[in-house]
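Please open the model in a viewer and keep the selection tool at hand. The stops below are arranged to be followed in order.

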Amino acid sequence: MPESPTLVVRVLRHPLMWPVLALGVLLVINVGVKPSFLDVRMQDGHLYGNVVDIMRNSAPVMLVALGMTLVIATRGIDLSVGAIAAIAAAVACTRIIGAGDEAALSTAVMAMTYAVVVCIALGAWNGLLVSVLGIQPIIATLILMVAGRGISMAITDGQITTVNNPWFSDLASGFVLTLPLAFLVAIGVLAFTAVLTRRTALGMLIESVGINPEASRLAGVRSRTIIWTVYAFSGFCAGLAGLVIAANTNSVNANSLGLWIELDAILAVVIGGTSLAGGRFSLMGTFIGALFIATLTRTIPNIGIPSDLNYLFKAVVVIAVCLLQSPKARAVLRAGRPSSPRPVPAKAGSPA
Amino acid sequence: MVKKTLVAAAAITLSTFALSSCGNGSEADSGSDSSGNDDGTITMGFAQVGAESGWRTANTKSIQETAEAEGIELKFNDAQGKQENQIQAIRSYIQQKVDVIAFSPVVETGFDAVLQEAKAAGIPVILTDRAVDVEDPSLYETFLGSDFVLEGERAGDWLVENAKDSDVNGDGTINVVQLEGTTGAAPAIDRAEGFASKISADDSIEVTASQTGEFTRDGGKQVMESFLQSDDSIDVVFAHNDDMGLGAIEAIEAAGLEPGKDIKIITIDAVKDGMTALADGKINFIVECNPLLGPQLMDLAKKVLDGEEVPERVVTDEGTFTQEQAIEALPQRQY
C-alpha cells in the first residue's frame, strides 16, 4: 500500500465502508431480480415504494439497536429488549382500550407515555442488576427476557388485543413530510443519541467504561451511573420499538411481538462495526446495520425465496457480511490461501 | 435433611388435602352417571400446549367450562410450549391415577415412552387438536381435531366457485398470493396442500407468490407489502389464518386499494377480529377452525370410559362463513 493514502484507500479503510457495501450489494441483487425495486411514487400524499417500506420496517430494529449499541459499548448486552417491547405494547394497548375515549389523541399520548415510563423503569432494573449487584449482563437481562414475556401475557390475558386509535396507528403507518413517521422517530432518537454522546464527553466515558470499568472508576469516571443509564436508555428504546410494532398492526400479540428482535438488533450493531468486546461504538454503523436487516427481510419475498429456505438464506448472507468485515478473513481471501493455521474468526455468532 | 423431609411431607399432605377437597366439591354438585373410577366421577388430566393465541385461550376455556358443566373433574396443565413440561404433566396424571388423559401435543414426536406408561397403567389417552407420530397407534384411543387439509380444500372450493367474481382486474387469470403459516407447522403444510388440490381444477387460478407470514399480523403485513410492490395484478390473497389476513388488509389499504373489493381475501380460523373484518366486507370468506372442542372431548371421554367403540379420528364440527353469515354470527361469537 502507498504511504500517503489516496482517496480510494481512505474510502476502503473507512469503518463504514463494509456495511455500506453490503447494503449496496443487497440492493443491486434486488434490482437485478425486480428492476422496479427502487421505484418510488406518490400515493395519497406520501411516498410509496419498497424503499419507503424498508425505512418504516427498519424503525423497530433501529431503535432497539441504538440502545443496544451503547449497552454493548460498555461491554454489556441486553437480551430483554424483545420482552420489554412486548410489555410496552401490552401496557399501551390495554391503557387505550381502558380509556374513556378510545380514539382520542390524549388517550394515545397518555398510553404511550405511560408505556415508555414503565420501560425506562424496566431498563433501570436491568441496570441495577448489572451495575450495583454486579450480575453478568447476559444473565441479568436474561431474567427479564424470560419473565417479561410472561408479564406482557399477564397484562393482555394472553389475548391478541386490538385497538382503534388513529393517532396511535399513525406512529407506524403515518407520514410526515411524505416520509414514514416511524422512520423519522428512529432518526430523531439517532440524532439525539449522536449529539449526546459525540458533542459531550458522555460517548468517551461510555467507551472508557467498556474498555476497562475498573480503571475508569479509578480515573474518576462514575462507571456505575453510566452503566445504569445505558440500560435505562436501552429500555426506553425497546419501549418505543414495541409501540411502533404494535401501532403497525393496531394490535398486540404478547406472544410474538418483538420475538427475537434482540438478535436482529445485536446483528445490526455488529454489522455496523461495533465490537461485542466493548469500547468503540458507531451509531452510524448501527443505522446502516438496521437498514441492512430490514432490506434483507424485504429481499426474501421480493426475490421469491421459498419459506423453508428463509433462514438458510439469511444465515448465508450474514456469514458473508461478517467474513467481509473480518480483516483476517479478507487477508485470507486476498492471498488465496490461509496465511495462518488458526480458524477465521467470524465477528457475530448470533443467528439471523 | 430432616427439615427438608418434613417440608416435603407437609406439602404432600396439604396437596392431598386440596385434591380430596376438590374432588368432594365436584362430587357434591355433579350428577354424573358415567362410570369412571369407583366414586362415579370422571377425572380427566388435560395437558395444554400453552396460551400462545386467542384461539388457544378459547380452546382452554371451552374445555374447562364444559368439564365444569358436565361434572368432570379436570386437572389442567399448561406446558408453556415445552414438550418436557407436557411429558412431566402426563406422568403426574398417571401417578395420580386419573381416569382419562387428554392433551394437545406440543410437537409430533417423542411421546412413545410416556404413552406406553399410560397404557401400562390402563389409562386411555385422547389427542386433541394436534396429532402425534407414534409407532403403535393403539397408544391412544382417538384423535379429536380439525382437518387442516379439509380447511384448505374448503377455501379452494370457494375460490373455484367464485372464480368469475374473483378475477378483479378482468385479465382472465386469477392471480393468488398465499400467506403461509409457520414453516413446517402441520396447519401450514396441510392448508396449502388442500387449497392447491382444489384450485388445480380451474386453469385460470394460479398461485403466483407464496411466503410465510409466521401466523402473525406483523408478518402478514410485511410480506403482503412486498407482494404489492412487486406485482400489481394480484386478485386474491389466501392467508393460512385470520391474523395474517388482517395484516394483509392493512398493507392493501396502505397501497391505496380496497381490501375485499380490489383484492379478495380468504382466511382460515374465524376468530372475532377476523369475523369483524368479514362482516365489514374487508375479508370475503373465512373457513372456520373451531377451538370450542370441549363438548366433543367430554363426550368422547365418557364413551371411551363406558367401553364404547370410538372412531380413530374425530373431526371437529366446523363451518364456513360468508360476509352475510358473519354479520349474523358475530354477536354470539365467543372468541
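How many residues does the contact take from chain A and from chain B? The contact takes 28 residues from chain A and 26 residues from chain B, where two residues are in contact if their C-beta atoms, placed from the backbone, lie within 7 Å. The model is predicted, so local features need pLDDT of at least 70 and side-chain atom pairs count only at pLDDT 80 or more, whereas totals for chains, interfaces and linings use all residues. Residues are numbered from 1 along each chain as its sequence is written, and chains are lettered from A and ligands numbered from 1 in the order in which they are written.

**The side of chain A that touches chain B**

Select α3 (50-73), α11 and α13 (283-303) of chain A: these are the elements that give two or more residues to this side. Helices (H or I, at least four residues) and strands (E, at least two) are DSSP runs, numbered from the N terminus. The largest share, four residues, comes from α13(A).

**The largest nonpolar core**

Next, select V64(A), A85(A), A88(A), A89(A), A92(A), C119(A) and L243(A), which touch the most other members of the 101-residue core. Such a core is a set of buried Ala, Val, Leu, Ile, Met, Phe, Trp, Tyr and Cys residues joined through C-beta atoms within 7 Å. A residue is buried if 20 or more other C-beta atoms lie within 10 Å of its own, exposed if 12 or fewer, and partly exposed in between. Helix α11 (residues 223-249) of chain A gives the most to this core, 16 residues. Domain 1 (50-304) and domain 2 (310-352) of chain A both contribute residues, so the core lies between them; the domain bounds come from an automatic or database domain assignment.

Centre on A92(A): leaving aside neighbours within four places in sequence, A92(A) is in contact with A111(A), M112(A), A115(A), L243(A) and A246(A).

**The sheet of chain B**

Move to chain B and display the open sheet of six strands, in the order β2-β1-β3-β4-β5-β11 with parallel pairing; two strands pair if DSSP finds at least two bridges between them. The edge strands are β2 (73-78) and β11 (313-315) of chain B. Six bridges join β1 (residues 43-48) of chain B to β2(B), and T43(B) stands opposite E73(B).

**Helix α4 of chain B**

Finally, select α4 (residues 112-120) of chain B, whose buried residues are V114(B), L115(B) and A118(B). The buried residues of α4(B) pack against α3 (83-95), β3 (100-103) and β4 (125-128) of chain B. The face turned away from the buried side of α4(B) carries the exposed residues A113(B) and A120(B). Just after α4(B), G122(B) takes a positive phi of about 75 degrees.
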